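The following exercises concern side-chain arrangements in one protein model. Each task is followed by a solution in steps.

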Amino acid sequence: MDKFKEIRPIVLGLIKRDNKILVSKGYDNIKAEEFYRSIGGGIEFLENSKDALKREFKEELGIDINVGQFLGISENIFTYNGKNAHELILFYNVNIKESDYKEIYHIIDDNCETDAMWIDIDKFKNKEL
């Protein structure tokens, strides 16, 4: 699937700890903008969304998760690095073991490197980030 020519089904996990959520930081080189996104990724053909979420967390963070309540679905039409994209996103609550908790996780995904970190929810609500 070419993620810049088709509607892409993805699944993202929301992990809340105190008043913070775990998000990865991205960067759009064309817009020169940082952005943040929950952890997850594409759902493969014939793959259950919960299984896809577990796989993505294992690939990106190296941890096993417990997938909780389904939170909803959202449609996202956007431009990233000058290319149009269209996603349907399934959201789930996610829990991790205390032993897997880190302040920062280093992620290598699709030849890109970034970090996932815990950020106070109010920074997103107040549009600081």
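**Exercise 1.** Is Trp118 buried or exposed?

*Solution.* The model is a predicted one. The relative accessible area of Trp118 is 9%. Buried means under 20%, so Trp118 is buried.

**Exercise 2.** Determine how the rings of Phe35 and Tyr80 are arranged, and where the two residues lie.

*Solution.* Step one concerns the total: the model has 4 aromatic pairs. Step three places the partners: Phe35 belongs to strand β4 (residues 33–42) and Tyr80 to strand β5 (residues 65–80), and the pair links distant parts of the chain, 45 residues apart. Step four turns to accessibility: Phe35 is partly exposed at 32%, and Tyr80 is partly exposed at 25%.

**Exercise 3.** Describe the surroundings of the Tyr101 ring.

*Solution.* Tyr101 forms an aromatic pair with Trp118, with 5.5 Å from centre to centre and 35° between the planes; this pair is tilted. Tyr101 lies in the loop between β6 (83–96) and β7 (104–109), whereas Trp118 lies in strand β8 (residues 112–120), so the pair ties together parts that are 17 residues apart in sequence. Tyr101 has a relative accessibility of 23% and counts as partly exposed, while Trp118 is buried. A charge is also found at this ring: the charged end of Arg17 sits over the ring of Tyr101, 3.6 Å from its centre.

**Exercise 4.** Which side chain of opposite charge is nearest to Glu60, and how far away is it?

*Solution.* Glu60 is located in helix α1 (residues 49–61). The nearest side chain of opposite charge is that of Arg37, 4.8 Å away. A salt bridge requires a nitrogen and a carboxyl oxygen within 4 Å; Glu60 has no salt bridge, yet is buried. Leaving aside residues up to four places away in sequence, Glu60 touches Ile39, Gly40, His106, Ile107 and Asp109.

**Exercise 5.** What are the phi values of Ala32 and Lys127, and where do these residues lie?

*Solution.* The background is that most residues other than glycine have a negative phi. Ala32 is not a glycine, but has a positive phi of about 55°; Ala32 is found in the loop between β3 (20–28) and β4. Lys127, likewise not a glycine, has a positive phi of about 60°. Lys127 is placed in the segment after α2 (121–125) and is exposed, with a relative accessible area of 72%.

How values were computed. Residues are numbered from 1 along each chain as its sequence is written. This is a predicted model: local features need pLDDT of at least 70, side-chain atom pairs count only at pLDDT 80 or more; totals for chains, interfaces and linings use all residues. Side-chain values use heavy atoms; hydrogens and water are left out. Rings of Phe, Tyr and Trp (its six-membered ring) pair if their centres lie within 6.5 Å; planes under 30 degrees apart count as stacked, over 60 as edge-to-face and the rest as tilted. Helices (H or I, at least four residues) and strands (E, at least two) are DSSP runs, numbered from the N terminus. Buried means under 20% relative accessible area, exposed over 50%, partly exposed in between (1.4 Å probe, protein chains only). A charge sits over a ring if NZ of Lys or CZ of Arg is within 6 Å of the ring centre and within 35 degrees of the ring normal. Lys and Arg count as positive and Asp and Glu as negative; His and the chain ends are not counted. Contact means heavy atoms within 4.5 Å.
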